[in-house]
Structures are given as structure tokens and as C-alpha cells.
Amino acid sequence: MSEPLSAAERRDLLAEYFAGREKLYALWYPGGEMVSAGGEAAEEPAGGMPESPSELAALQQRLSELWDRCETGVPVLPLSRCPYTGAEVRHSIDTYGLDGLWWDYHAPVRPPESLPSTYFALAGAVKLGSTLEEFPFLCRPGPEVPYVVPRLLGQPEIRAVISTVEVGNHRAFPTFYFADPFPGYISRVNTWGTAQFWFNDEEGNWVWDAVEDEAADFDFDLEPWIRSGKLLWIAPGDEHLRLRAHARACPYLGLEGRRFPMHLTLGLVLGSDEPEIDPEAAWPQSRETAAGEGA
Amino acid sequence: MSINTSPADVALSLQIGAEDLGPLFVDRLRAAWNSSSPLAPELERYAAGSRQGSEGAAQVFAHPKFRTVATIVTQPDFRVFHRTGGGAIPLSIFGAYRNRAMGTEALVAVSPSFNGSYLLQYFPNQGDYLDWWVDTIASKVEDSTPNYLAPPVSLESLAYILHAVDAYRRASLHSLLSYTPTDAPFITVRKFLETMTRSMESMDTRWLLPAFLFLTPGLNTIAFHPRPEHMEPLADNDFLIPTRNERTGEDIFLFGEAGRTMGVEFYRSWILSVGFDTALVTGEGEKVLHRAFLAPTALGNHLISLDTDSAGNGIVNHQPLTSSELRRKLWAMLKADLAAIPAAAAAPARRPSVATSAVSKPAGDDQGASTANRCPYCGNDVSPGARFCRACGKPMSQPAAPKALGFCSGCGAKLEPGVRFCGECGRPIG
């Protein structure tokens, strides 16, 4: 297993990656034409023509290497615990900040996960800190306040666990869903921060599906779910990941923050009062800084 | 001695007096038994031919299912042992047994009955057995309830928490008996620890902690070393809130959300508990597979499953289950356990002691003691022409080569070797 990236390594890697990707995009899409190894561009590309097709290939190769290093270098941390078996759940997460490729909504770089058999889904929320990083991709970390998905948690076989992890100067709330036994097929939720979810189908094939954001999928009133035994929580900073089921003094109740799924890019929070938002059309629908007022 | 078909899931009930066990199993059946048989102590004590069976014994013996039941309970290769009691129920035990060599999924539950007799209840499959078990023991609960004691929890912490649940009842009773109603029941830390020691020493199963300690089989084989850090879940999980009595300055525990909720739950609706373990029976003895304790209440069936970590420390998984969840959990446990039964024979059977005086055979007894054959595997007597040894289940003859057994007497279809039912009409063969 590779060593996790240090902060400095990560910073340098991301800088090189984004610069290289920008150059690659410019080479690929100068006025809409693609430059191939054997072709010629009709116009002078903004990023400058490669000296030879092999330079383009080398650029692609280097980006691939950086991508791989991102994948192997992202930390894998104990984030939750299964309420059915007590098994600890370790999951990858880029805790340095939201500017890592792990958080790229359209092309997340994440290693294969080793999860308990009771793992069902992963959603989450991120309370933004005072500074939002600038990154050239769309990041969708959820709302700022933790929530549950009623159509999942309403299944008798499913329970969820909320926990806390610091991501840079932000505070993240991963919410793991567990099932015992697995219900018949129901559409899950896109894995936290990504555009799809993966699962084993009835024939044991590893397949993916995707869902659109629905307002009904965001229930921020957690107390009834805790009191009914469907939602458990892990105290912030608890290294032992002890599961707790009491609503009294639960730190996840009554939190302030944006109660809609955020779209973050280029240091901006693209806000909307409605959770039904087309990521493509949201650029830029409205703009506000991370320190601005929420909806 | 009686035979009846009980309602619901029990296919057959046999009530056998203790005085009839020897005549039935030793004299008539010439059964062998292993040390895991619940009847072993009685059969060991019995000298063959020393008693005449009652009139009902012949009736039981003639029942078509009796031999199956008898083989299962005398030579189990798998058993579930239960201790019931706690709360308001007197102590009792019962076991469930299975013998894979019988080629059936049947289980037989054996429990002591009135006047020293034994009640044998036959279930044709594990599903029926579980239905009966859940109907008899569990609470009918269909709504989920918070798991204030989510896994994993150390055995020591569990003890503190069970005592906290008891402490709520103690505080409530104190409030009642002293005519001092209160919205904030509490217990002093000193009293909490003091009563916990007395509770554990008392084994008074009217309280939850002693019920758990006494009813759960084999608990004494698990390391138990309480230390102060094991009390942390009391506060972390909101069972007890440490504070100070403003009036006396004494350290006290107030009851938190979990302490109140589970305290009221058990105070008002806990009536009984059962501790049980499952085990394989092998030639080397019993191998325990699962060990658990169940405390049903009006809000949930609290199932506490015990295990040990790599250092031998006790770890528990507590789940408050609905009725259907409990049945599903027990089904999965039983299925996994039964799958672990090896195909080889169970523990070597004890042969019955030889009679010192001849016993006249009752009329109609077609299982006569005089035999010309002995089982080459276990040495037990085998009736002439028997296809299987009744003691160990091994086949008495192996065909040299597959051959057709002939034709079905029902429909005339040709029969393949080894079939038990005709493939054309379903008629049983042989």
C-alpha cells in the first residue's frame, strides 16, 4: 500500500495536474477540433502546439501517473461503525481540503474501498470553513447541515450513522447507511461527492447507477430518526467510534448552515434555494463567496 | 405417558415419565446414547431389564415417529441448550437436538415436565422450531427502538450498564416505598457500586444483571475483569450522568435518556429471559458455536450475543430486535451452525448396560433383542435385513455397482438406484 500524500506533495501534485490538464484540454479542444497523434490542428491552439505527437502522449501519460498517485495517496481513515455488527468502517477521504481530486464530482479519484458487507450507501454534508479553496472542477459535497434520506432510512432493514471528520478548514459529516439484510433493489443515493453509486446486482456483477437530487431526499430533522432507533451518531473527535443512540445532547441537532446541496467551484458557492439544480446550467446561476450568506 | 399433537408448530409431543425412560430406550429400543443426550443421566443409571414400562410406553414405542425422535435425542450431533428464568419466571431448562445422520431437518426439544417426566417435542424442520421458539419466548414487537448499547461493548461494560438498568428500578421502588415522588431519580455512586457487587454475588435472577450472569451458559469461561474505564459507556451512552448532590455534596448518578428509557422499559415489561448456546457434538466433545442472552420487553427483544476478542476478552453485540428481526437472526445463526455439522458420525455412542436378568418381550414387539448382525462401525446390534444401523446411521451394505432397484409399485416406472421417491408419481420407495 502506498504512503498517503503529505500536504506538500499533494499541493505540488495538484498544481502539476491542473496545469497539465488545462494544457491537455486546450490541445484537445482548440475551437472544437481535436488534435490526434497523427493529425494536425486547423488553428493554433491556445496552449501551444505540442512539438510532436509524442509530447501529447507524454502529457497524457504524466497526467495518468499523477491520477494514479492521487488514488493511492488519498488517506483511508476510520470514519464510522456498523450498527449491526460493530465493525469499523474505513473509507478513503481527502482530508486536506476540498480541492483534491477525490472531491471532483464529475471525475472523482478514489481507490477501491474495502467495506463491510452491511455497507449500503454513503451520503454526507460539509460545513464550510472561513476559506474556500479555489479549484477548477465542480465539487458537490452536499449541504452544510447533515441530513438523512427518508426513502432509504425508512426501509426496515436500514440504519444510518453520522460522524464527523475535518477536511481542511471545513467540517464534514459523512453519513453511512447500513443494511441487514439487504432490501430488494431500491435506488440508493449517489456516493457522497460523486455522480453515481456502485453496487452488486442480483447476479453479483459490480454495476453503477445514478439518481438526481430530489427535495424529498433531504430530511434535516434528525431527532425523530434518532428517537426511533434508525439513526445513530459518533461524537466528533471520538477515536473509538463509539455508536450513540440518544438524542439528548446530540451534537448533530440544531446545526446552522445551508440546507441545500451546494455546488462549489473556483472558490465560489453556486447557490440556489432549490435542490433540483442542473450542474451544467448552474454555471454561473448565482454567485456568492464562501463567507457570504446562505440561502 | 402421553402422545399428542400440539397446536401450531409442534408436530408431535411425547410426554415420558422418568420411570419409563429405561424400559423404552434401553430395553425396547436398545438405544445407544452420547454424553450430550439430555437423557444420558437417566439412562446411565438404569440397569437393563430392571423395570417394566408403563402401559403408555408401548403406545409411545409404537408411534411411527418415535424411533426418529429417540435417535435424535439420544445421539445428537448438534444441540441448543437453554436456561430460562429471570424477572418473574422461575428457573427452567430445555434443549433442542438434531441428528444429521437421520437425513432429516427435524429438531426435538426436550424439557423437564411435571412429576419428573420429560416432554419431547418434535419439529419436522428448523423453521417450525423457530416459529415455536419465537412464539413461546419472544415479545411481539414490530417497531424499531433505539439501540442505546450498540456494538461493540465489552462484557465488563455490559455488566455496569445492566446494573444501571436495575438501578433505575431500585430508585423507582425507593421513591414508591418512601412516598417521595421525583422527576429526577438518582443513585449515589457509592450505592451503585455497592449494590452491583451484592447483585452479582446474589445471583438473584429477579434482577437483570444476575439474570444475565446466571442464565447465559458458559459465561464463566470468558475473562471478566472490571476496571474503572469500563464505566465510561455509562456516561458516553447517556445511561448515567455523574454529578453532585447539591444538598449533601455526595457524588451521584442521575439517569440520562438511555437510563430512563431502558429503566422504565425493563421495570414495567421485563418478565423473563433466556440464555442459550449452540454446540456441535463431536467425538472430542462439544464445540460451542454461539452463546447469547435474550431479554424480551414491550419495546424490543434484546438479544445479547457474546464473543471473545483475540485476547480472550468478552465482547458483546446487543441488538433490540422486532419479532421478525429476531426470527431472521436466529434462522441465520441456526443455518450457519447446522452447516458446520461435519458429515462424519457424531460422538461415539454408549452402549446400554447388559441386563443381568432376561426381560420378557412385550407382545407385538417387533424390534426383538435377538439379532444375528452387528454394525461394523459401532458394534451395536442390527436387525436382520436392516439397511441402516439405528445407533450410528451407517449403511449396512454397500452395493458393488449401481443397479436398478426395479420398478415402482405404484406406477410401474423404472427406479434409479438410491432413490427414495419415484420420479414419476412420487411414491415413497422401500
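1. In this predicted model, A:Trp198 is partly exposed, with a relative accessible area of 38%, whereas A:Trp206, at 55% relative accessibility, counts as exposed. The rings of A:Trp198 and A:Trp206 have their centres 6.1 Å apart and their planes at 25°, so this pair is stacked.

2. An edge-to-face case is found in chain B, where B:Phe94 and B:Trp132 lie 5.8 Å apart from centre to centre, with 80° between the planes. B:Phe94 belongs to strand S4 (residues 89–98) of chain B and B:Trp132 to helix H5 (residues 126–137) of chain B, so the pair ties together parts that are 38 residues apart in sequence. B:Phe94 counts as buried at 11% relative accessibility, and B:Trp132 likewise counts as buried, at 14%.

3. Two further ring features of chain A deserve a look. A:Tyr17, A:Phe18, A:Phe135 and A:Phe137 are linked by ring pairs into a cluster, and the charged end of A:Arg110 sits over the ring of A:Trp102, 3.4 Å from the centre of that ring. In chain B, B:Arg28 lies over the face of B:Phe61, at 5.1 Å from the ring centre.

4. On the interface, 19 residues of chain B are in contact with 23 residues of chain A, and the two chains bury about 1,600 Å² between them, 42% of it on carbon and sulfur atoms. The count of salt bridges between chain B and chain A is five. The side chains of B:Lys329 and A:Asp180 meet in a salt bridge, at 3.7 Å from N to O.

5. B:Glu257 lies in helix H10 (residues 257–269) of chain B and is buried, with a relative accessible area of 10%. Leaving aside residues up to four places away in sequence, B:Glu257 touches A:Arg227, A:Ala245, A:His246, A:Ala247, A:Arg248, B:Tyr148 and B:Asp238.

6. A:Asp180, the partner of B:Lys329 in a salt bridge, is joined to A:Pro181 by a cis peptide bond with omega of about -5°; A:Pro181 is placed in the loop between strand S7 (170–179) and strand S8 (197–200) of chain A. In chain B, a cis peptide bond joins B:Pro151 and B:Pro152, with omega again about -5°, and B:Pro152 is found in the loop between H5 and strand S7 (153–154) of chain B.

7. Positive phi values also occur in residues other than glycine. For A:Ala249, phi is near 60°; this residue has its place in the loop between strand S10 (231–233) and strand S11 (262–265) of chain A, and A:Ala249 counts as exposed at 61% relative accessibility. B:Met203 has a positive phi of about 55°, is found in the loop between helix H7 (189–202) and helix H8 (208–215) of chain B, and counts as partly exposed at 35% relative accessibility.

8. Lastly, the cysteines: the count comes to zero disulfides over all chains. A:Cys82 is in no disulfide, and the nearest cysteine sulfur, that of A:Cys250, is 19 Å away; A:Cys82 is buried, with a relative accessible area of 0%. A:Cys139 is in no disulfide either, the nearest cysteine sulfur being that of A:Cys70, 14 Å away, and A:Cys139 is buried, with a relative accessible area of 0%.

Definitions and conventions
Residues are numbered from 1 along each chain as its sequence is written. Chains are lettered from A and ligands numbered from 1 in the order in which they are written. This is a predicted model: local features need pLDDT of at least 70, side-chain atom pairs count only at pLDDT 80 or more; totals for chains, interfaces and linings use all residues. Side-chain values use heavy atoms; hydrogens and water are left out. A disulfide is a pair of cysteine sulfur atoms within 2.5 Å. Buried means under 20% relative accessible area, exposed over 50%, partly exposed in between (1.4 Å probe, protein chains only). Rings of Phe, Tyr and Trp (its six-membered ring) pair if their centres lie within 6.5 Å; planes under 30 degrees apart count as stacked, over 60 as edge-to-face and the rest as tilted. Helices (H or I, at least four residues) and strands (E, at least two) are DSSP runs, numbered from the N terminus. A charge sits over a ring if NZ of Lys or CZ of Arg is within 6 Å of the ring centre and within 35 degrees of the ring normal. Contact means heavy atoms within 4.5 Å. Buried area is the accessible area (1.4 Å probe) that two parts lose on being put together, summed over both. A salt bridge is a side-chain nitrogen of Lys or Arg within 4 Å of a carboxyl oxygen of Asp or Glu.
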